[in-house]
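The following note concerns the aromatic side chains of this entry. Please read the points alongside the sequence and coordinates.

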Amino acid sequence: MVGILGGGQLARMLALSGSPLGLRFRVLDSAADACAGDVAPLMQADFTDLGALARFADAVDVATFDFENVPAASAEWLAERLPVFPAPAALAITQDRLAEKHAFAALGIDTPTFAKVDSREELVSAVAAIGLPAILKTRRLGYDGKGQFRLRSPRDIDTAWAQLGSTGTALILEAWVPFDAEVSVIGVRARDGEFRAYPLTRNWHAEGILSLSLAPSGLESLEARAVAYARAVADRFEYVGVFALELFVHGDRLLANEMAPRVHNSGHWTIEGAVCSQFENHLRAVLGLPLGDTSARGFCAMVNFVGELPDRAAALAQAAVHWHEYGKVARPARKLGHATLCARSCEALAGAVTQLASRIDRDGQCAPLLAALGESPSRER
Ligand code: AMP
């Protein structure tokens, strides 16, 4: 029995991919309507409820996460009672953007210039040292662009401080990177240290939330360096499971933004587009089973549905579309589903994405991915 802390769409897709392996799941989430509850038994409890954690620990053989912000103390409490992967220590570093950036720097991995900000005075001196534009982020609990403020001029300091700093939250200021592209490495490390990575994925965000992914990225010259970075991070943390290393491409620089210690939205294309999906590989790693093949089967595009789902029947009228709906109530900025298209060539993928975008009225959303496909040299698999 595999236990998953956090019952969102990632837990749901983990459970769905584990079923053919003969696995059964139990999910713990504070929300009664957590969407993984549709496919696996859900225990509703707070992550800090030790009575509930004890019942959870009794019911499962191994535990993992769909959510990186499970309190470190709860993860450690569980790890004293049963195998927990990734280890709570790896989770703890990625929960703090400052500790994470220091860890990247110690491994020789380039990052945006950054500075710790614990007071208004430190914000003023960090702005002086780093320059503008810059981005102020909460060190903890931020995701999908939440807990972030972009500073364009010194006049923004007061507003940024009022919004993020005044409650005593620890912050980090980062130089704004005028990136040419965003990419992620989806990597997996087994219990015995074996490491594999999927082809580099190119990503586009809208309002801080992933909007589109393209894999392979078309930026193959960066692949070896990006994968070496991911491997160094995974080895350093003795990481077990799937993770995502998110990087900015700026000229010939590759700058690490953050590491997500879990299966990742930018790896959803692997369900249909890779020989073994990120979800199955995570479970294989966590259970000490041999890792699966991370090769891509062709060229894939993933279109995220945030806030509102398009018409399902309109999308499915295109026979090649893979449709994923998470069973969540629609709310602004909420990830509700995604669609994946796979093809044997870039040209065929561009044609398929153009068709889907028009069917579901997402031409604007899909435009950046289509532009990148249009610019990339003709490739086939
Ligand atoms: P994060 O929550 O750190 O992953 O940020 C969400 C998104 O905001 C990133 O994927 C970027 O699109 C943008 N972003 C975050 N930090 C920076 C930065 N230092 N420079 C430029 N864009 C950024």
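Is Phe67 buried, partly exposed or exposed?

1. The model is predicted. In it, Phe67 is partly exposed, its relative accessible area being 30%.

2. In the pair formed by Phe47 and Phe67, the ring centres are 5.9 Å apart and the planes meet at 25 degrees, so the pair is stacked; the cut-off for stacking is under 30 degrees.

3. Both residues of this pair are found in loops: Phe47 between β3 (42-44) and α2 (50-59), and Phe67 between β4 (62-65) and α3 (72-79). The contact therefore ties together parts that are 20 residues apart in sequence.

4. A further aromatic pair, Tyr239 with Phe243, is edge-to-face, with 5.2 Å from centre to centre and 70 degrees between the planes. Tyr239 is buried at 1% relative accessibility, and Phe243 is also buried, with a relative accessible area of 0%. Together with Phe195, Tyr239 and Phe243 make up one aromatic cluster.

5. Two arginine–tryptophan contacts also deserve mention. Arg81 places its charged end over the ring of Trp77, at 3.6 Å from the ring centre. For Arg150, the charged end sits over the ring of Trp176, 3.7 Å from the centre of that ring.

Notes. Residues are numbered from 1 along each chain as its sequence is written. This is a predicted model: local features need pLDDT of at least 70, side-chain atom pairs count only at pLDDT 80 or more; totals for chains, interfaces and linings use all residues. Side-chain values use heavy atoms; hydrogens and water are left out. Rings of Phe, Tyr and Trp (its six-membered ring) pair if their centres lie within 6.5 Å; planes under 30 degrees apart count as stacked, over 60 as edge-to-face and the rest as tilted. Helices (H or I, at least four residues) and strands (E, at least two) are DSSP runs, numbered from the N terminus. Buried means under 20% relative accessible area, exposed over 50%, partly exposed in between (1.4 Å probe, protein chains only). A charge sits over a ring if NZ of Lys or CZ of Arg is within 6 Å of the ring centre and within 35 degrees of the ring normal.
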